[in-house]
Amino acid sequence: GKDYRVGELNNVPFVFSSNGHLFVEYDEVSGQTSEAKPLSDFPHPDELVARFLAQRHLPVAASALQLLTTGYAKGRDFLRYYQDAAVRATLEKIIRDRAASKAPRVLLSLATGSGKTRIAAALLKRMFDAGGFGKALFVCDRTELRDNGEGDFLTLFGTDAATVDTRHPQKNARVLIATYQTLDHKFERGKSPKNTIQNFFSKHYPENFFDVIVIDECHRSAWGDWFEFLKANADGIHIGLT
């Protein structure tokens, strides 16, 4: 059961094993397995939820947990087990940051080919269904990545998702998909967008226009390519994929 938790059910706090008469529990935080107990002592679901919230330092108010309690539009089978774990871990981090009165900041590090765009699409759809944002921006650094990932967004969002090009800023869409080249990232260094010649981004999207910004291949920000997009939407949720 412990091996299965690591290999197939990431981000799961409790593992139980039973022979139908007794049970044991493995706790992720303590790393300990309990002594055998009678099934009459099996924890109630409410108790497990309370323990889970305490372990993850999450608030207990139902309104604050809306992101976690809202399910996937296409069910969990739409994602691989580790993609689901990444989504849930991201939502937990957003909830913790908000509870601490901080603008949420999340970094997701996954192997090449692990389906980061599908993770982003499922994450944003779940957040959207929970009332988590009005506008979101997904930024990547190559048209191939944009075009390959567009299908995942359209599958989940339909006409609520749209690809930005130099003639169509797509301001009416809920999720905008764009390359940073299209958005024209070449701000003058050291100055805010307000003090520079208007580029495509600053012309069409006012400050804090986006509630969520997801940056694919965000390690490329070493060149400063994403900085002004994030700075112009400092109050929003920033999620980096790498």
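**Exercise 1. Which residues of helix α2 (residues 45–55) are buried?**

Before starting, note that this is a predicted model, where local features need pLDDT of at least 70, side-chain atom pairs count only at pLDDT 80 or more, and totals for chains, interfaces and linings use all residues. Residues are numbered from 1 along each chain as its sequence is written, and side-chain values use heavy atoms, with hydrogens and water left out.

*Solution.*
- Step 1: Helices (H or I, at least four residues) and strands (E, at least two) are DSSP runs, numbered from the N terminus.
- Step 2: Buried means under 20% relative accessible area, exposed over 50%, partly exposed in between (1.4 Å probe, protein chains only).
- Step 3: In α2, the buried residues are Leu48, Phe52 and Leu53. They lie on the same side of α2 because they cover an arc of only 135 degrees around the axis, taken from the directions from the helix axis to the C-beta atoms.
- Step 4: Asp46 and Ala54 are exposed on the other side of α2.
- Step 5: The cover over the buried residues of α2 includes β1 (14–18), α3 (66–69) and α4 (81–99).

**Exercise 2. Is Thr117 buried or exposed, and what is Thr117 in contact with?**

*Solution.*
- Step 1: Find Thr117 in helix α5.
- Step 2: Thr117 counts as buried because its relative accessibility is 14%.
- Step 3: Contact means heavy atoms within 4.5 Å. Leaving aside neighbours within four places in sequence, Thr117 is in contact with Phe138, Gly149, Asp152, Phe153 and Asp216.
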